Amino acid sequence: RRSPPARRRTIAMALASRARGIPTASRASRRLGRDAATTPRARTTTPRNSRRSNRRSSLVAVRALADDDDLEPKPREYTGELRANAPLVAERVVELPAMLFPAAEVLLPGSAQTLHLYEARFLALLDHARNRTGGAFAHVTFAPDDEDDVDGGTRLCTIATLCRIEDVEKDETSGVGAVVTVIGESRLELRDVRNDPADSTPYLVGVFAPVPVMQPDGSSAYLPSEEEMDEVADLTEYIDTAVGDVVALADALLEGEDAADAWSDVDAAAASVRWGHAEVGNLRRAMAWVEAPYITLDDIPDLRNGDAPLAMEDADWLRPMLDETVRHSELQVAERLSFACLQIAPASGEADLVKLANCRAIAMSTSHGLMDRLKLGQIVLDEQRNALRAKVALKGAFSSSSSGGGGGA
């Protein structure tokens, strides 16, 4: 079996190669050989009605959907060093179009989401992103309604996700609109919502600042100790192994014991993501994202301050992957893995999905760091692996009893 980094790179190369053929605006309606009868199961979402209005929008901190003492990371003792003399970096604040989603649909960096867009304002946002911001927009969640909020305003979560459009197809089912696949790339902080009555833009526009990503040797404010680096290495190796187990068990459950190893080559990898079971494909895609280049708000043109618009086909975000110039440090791989591993497992129940949504909300919060996210990933993958083992064993027991049936006294 290939090592986890090698498997991730195989699929990353497959997706980067396919991304080179993303339809441009003039080819958006072209089908990519998909037969409606073989479309894989996928969780699709239509974004919330984000029509501009005079209703107040308030900002709230990201929080878990329900209290869960088993998930909320406990305070830990840090043994590294604060970077007391870290150089100050000028903060870059950028306006971006945004779509609103319920808090349960938070999109982590590394995760994929399929959107069915058919309303004029969402198609206008799609056109803006593809032609002006390199295919990027903000994925913003809103908190559940607060009974004490007499103003009736929408409460927007302050931590959002920078999305990259990966694929656009015509919606063949309805014949109207577009089916858009987006990938979460990095976290954003929502600072403000543009609310100019004279502005006729039909979709939400927010003002965002980047949430800093991991530097090669630590965060911008903290240098981890050798002991902490050892713990990160152990957790990363554990998660890599657990992900491989989850994928193998899912294949055994869904396809049979002799399912082909879709980690093995680029063609099989691409097929597994595009045509395989949705949840397994999303997990493989997320693992590939670990090896892909960082895409942050610093890479997006600031149109408000005179930057030139960037068309999606000109952005070529994944070119460093094809050129094999991506070099992530151990800490950077761990950071990306800590987000990417929090995926839905096949045959998950309602309780599993609620718990995973809580884990994702905690992971999005800036109140918790890398070690907290890695331990969350360990908890989630342990539970998924144990559940899948039980289901595979049960499937095997039923298969044995049915094949050995017949006869009787």
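**Entry 1: the model**

I noted first that the model is predicted. I kept that in mind for every entry below.

**Entry 2: H3 and H8**

I began with helix packing. Two packed helices are described by the angle between their axes and the distance between the axes. I looked up both values for H3 and H8. Helix H3 covers residues 226–254, and helix H8 covers 330–340. Their axes lie 10 Å apart, at an angle of about 50 degrees. H3 is therefore oblique to H8. I also checked the hand of the crossing of H3 and H8, and it is left-handed.

Which residues meet here? From H3 I listed Met229, Val232, Ala233, Thr236, Ile239 and Asp240. From H8 I listed Glu330, Leu331, Ala334 and Leu337. I sorted this contact of H3 with H8 by class. It has seven nonpolar residues, one polar and two charged.

**Entry 3: H3 and H5**

Next I took H3 with helix H5, which spans residues 278–290. The axes of H3 and H5 come within 10 Å. They cross at roughly 155 degrees. Parallel or antiparallel? An angle over 145 degrees counts as roughly antiparallel, so H3 is roughly antiparallel to H5. The crossing of H3 and H5 is left-handed.

I wrote down the residues in contact. H3 brings Val243, Val246, Val247, Ala250, Asp251 and Leu254. H5 brings Val280, Leu283, Arg284 and Met287. By class, the contact of H3 with H5 holds eight nonpolar and two charged residues, with no polar ones.

**Entry 4: H5 and H8**

I found the crossing of H5 and H8 to be right-handed.

On the H5 side I listed Leu283, Ala286, Met287, Trp289 and Val290. On the H8 side I listed Val333, Arg336, Leu337 and Ala340. The classes in the contact of H5 with H8 are eight nonpolar, no polar and one charged.

I moved on to open space. How much space lies in the second largest pocket? I read off about 630 Å³. There are 26 residues lining this pocket. The closest to its centre are Met214, Ser219, His368, Gly369 and Leu370. H3, H8 and helix H10 (370–403) each give two or more residues to the lining of this pocket. H10 gives the most, with four residues. I sorted the lining of the second largest pocket by class too. It divides into 13 nonpolar, seven polar and six charged residues.

**Entry 5: the second largest cavity**

How many cavities of 30 Å³ or more does the structure hold? I counted four. I picked the second largest cavity, with a volume of about 100 Å³. Its lining includes Pro109, Glu185, Ser186, Arg187, Val211, Pro212 and Val213. Also in the lining are Trp289, Tyr294, Glu335, Arg336 and Phe339. Strand E9 (178–193) and H8 each give two or more residues to this lining. By class, the lining of the second largest cavity has seven nonpolar residues, one polar and four charged.

Two names were already in my notes.

Methods: Residues numbered from 1 in each chain as written. Predicted model: local features only at pLDDT ≥ 70, side-chain atom pairs only at ≥ 80, totals over all residues. Heavy atoms only, no water. 1 Å grid on protein atoms, 1.4 Å probe; cavity = no way out; pocket = protein on both sides within 12 Å on 5 of 7 lines; lining within 4 Å. Points joined across faces, edges and corners; volume = space filled by probe spheres on them. Nonpolar A, V, L, I, M, F, W, Y, C, P; charged D, E, K, R; others polar. Axes fitted to C-alpha atoms, helices over the stretch in contact; angles between N-to-C directions. Parallel < 35°, antiparallel > 145°, perpendicular 65-115°, else oblique. Left-handed = near helix turned anticlockwise from the far one by under 90°. Contact = heavy atoms within 4.5 Å.
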